[in-house]
Amino acid sequence: GTGCLVAFGVTQMRVGPEGNKISWPTERARRDTFDGLSKKWDETVRWDEMISGIGRLRRRLVQHATGDVLEVAVGSGRNFAYYSSNKVTSLTAVDFSKGMLEVADSKRQEVAPIPLKLKVASTHKLEFEDDSFDTVVDTFGICSFEKPVQALQELKRVCKPDGQVLLLEHGASGWELVQGFLNSSVHRHVSKYGCYPNRDIVKLVKEAGFHIVVNERKHFGTTYFLVLSPTPLVEE
């Protein structure tokens with residue numbers, strides 16, 4: 001994903017005048033935003049991800065990946081270095097931003113010797129057969145999906161019944177003050193960075209039909225570390 005969590009830290013206090021109405025950007029407008037950010041994205045977020053521990057969380061999450069892996073909203077490929085060739089057979093990565101994929105393509109050496117395929121695609125309608133992947137990965141992507149439940153249902157569809165979906169996301173906080181900041185600056189943030197930082201991620205994954213195996217929260221509850229199963233757990 002493109003890591004909008006970090007960008008939010010810069011803009012959450014910059015709220016427009018009360019009462020001003022800002023129109024929601026279209027899918028195309030948000031794609032153009034990501035294309036425009038792509039070339040300098042790694043440089044923009046590298047330091048903030050390091051001091052906030054996001055890099056360590058990326059590593060922890062991706063090390064769960066096994067078999068044939070699909071990563072959606074891959075962004076600039078910030079997870080590539082964390083895939084293990086001892087566990088992962090192949091990696092397919094998609095994003096709706098051609099600019100971000102061009103940056104990801106320049107990092108093929110970080111994935112080697114794992115076979116890597118890159119594809120421009122919308123997560124809302126993935127061109128893969130049902131039950132195609134052992135692991136599906138998304139980091140900081142749900143915030144940028146126009147229809148998050150539909151996109152999550154696509155992840156569930158292409159994941160094998162005994163597979164896993166790994167998510168590292170930012171969203172709604174359980175802290176009232178923090179959530180107030182998220183809500184009050186959402187229009188400005190979406191317009192500038194193309195993502196919605198105030199979504200209830202747990203609620204969305206449950207609506208999509210997933211079963212939660214691991215649920216950890218960081219950063220006042222705004223960072224979600226989730227391991228999901230497409231099928232019911234035994235204890236359920």
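A residue is called buried here when its relative accessible area is under 20%, exposed when that area is over 50%, and partly exposed in between, with a 1.4 Å probe and protein chains only. The model is predicted, so that local features need pLDDT of at least 70 and side-chain atom pairs count only at pLDDT 80 or more, while totals for chains, interfaces and linings use all residues. Residues are numbered from 1 along each chain as its sequence is written, and side-chain values use heavy atoms, with hydrogens and water left out.

In helix α7, which spans residues 148–158, the buried residues are Pro 148, Val 149, Ala 151, Leu 152, Glu 154, Leu 155 and Val 158; helices (H or I, at least four residues) and strands (E, at least two) are DSSP runs, numbered from the N terminus. These buried residues of α7 pack against the strands β1 (67–72), β4 (133–139) and β5 (159–170), and also against helix α10 (201–207), where contact means heavy atoms within 4.5 Å.

A helix pair comes next. Helix α2 (residues 27–37) packs with helix α5 (residues 98–105) at an angle of about 35 degrees, their axes lying 7 Å apart; the axes are lines fitted to C-alpha atoms, for helices over the stretch in contact, and the angles run from 0 to 180 degrees between N-to-C directions. On the α2 side the contact is made by Phe 34, Asp 35 and Leu 37, and on the α5 side by Lys 98, Gly 99 and Met 100. By class, three nonpolar, one polar and two charged residues take part in the contact of α2 with α5.

We turn now to charged side chains. Side chains of opposite charge can pair when their charged atoms come close. The structure holds eleven salt bridges, each defined as a side-chain nitrogen of Lys or Arg within 4 Å of a carboxyl oxygen of Asp or Glu. In one of them, the side chains of Asp 42 and Arg 78 meet at 2.8 Å, N to O, a pair that links distant parts of the chain, with Asp 42 in helix α3 and Arg 78 in the loop between β1 and β2 (88–95), 36 residues apart. Asp 42 counts as buried because its relative accessibility is 11%, and Arg 78 counts as buried because its relative accessibility is 16%.

Asp 42 also meets the side chain of Lys 107 in a salt bridge of 2.6 Å, N to O. This pair too links distant parts of the chain, 65 residues apart, since Lys 107 lies in the loop between α5 and α6 (108–111) and Asp 42 in helix α3. Lys 107 is buried, because its relative accessible area is 11%. Arg 78, in turn, meets the side chain of Glu 49 in a salt bridge of 3.3 Å, N to O, and both Glu 49 and Arg 78 are buried. Asp 42, Glu 49, Arg 58, Arg 78 and Lys 107 are linked in a network of salt bridges.

Helix α3 (residues 41–52) also holds Met 50, which is partly exposed because its relative accessible area is 48%. Together with Trp 47 and Ile 51, Met 50 forms a nonpolar patch on the surface, with about 370 Å² of accessible area together.

Finally, Ser 173 lies in the loop between β5 and α8 (176–184) and counts as buried because its relative accessibility is 11%. The C-alpha atoms of Ser 173 and Phe 220 are separated by 6.3 Å, although the two residues are 47 residues apart along the chain.

Key:
Patches are made of residues with over 30% relative accessible area and no salt bridge: like charges are joined within 9 Å, nonpolar side chains (Val, Leu, Ile, Met, Phe, Trp, Tyr) within 5 Å. Accessible areas come from the Shrake-Rupley method with a 1.4 Å probe; for residues, only the protein chains shown count as cover. Ala, Val, Leu, Ile, Met, Phe, Trp, Tyr, Cys and Pro count as nonpolar, Asp, Glu, Lys and Arg as charged, and the others, Gly among them, as polar.
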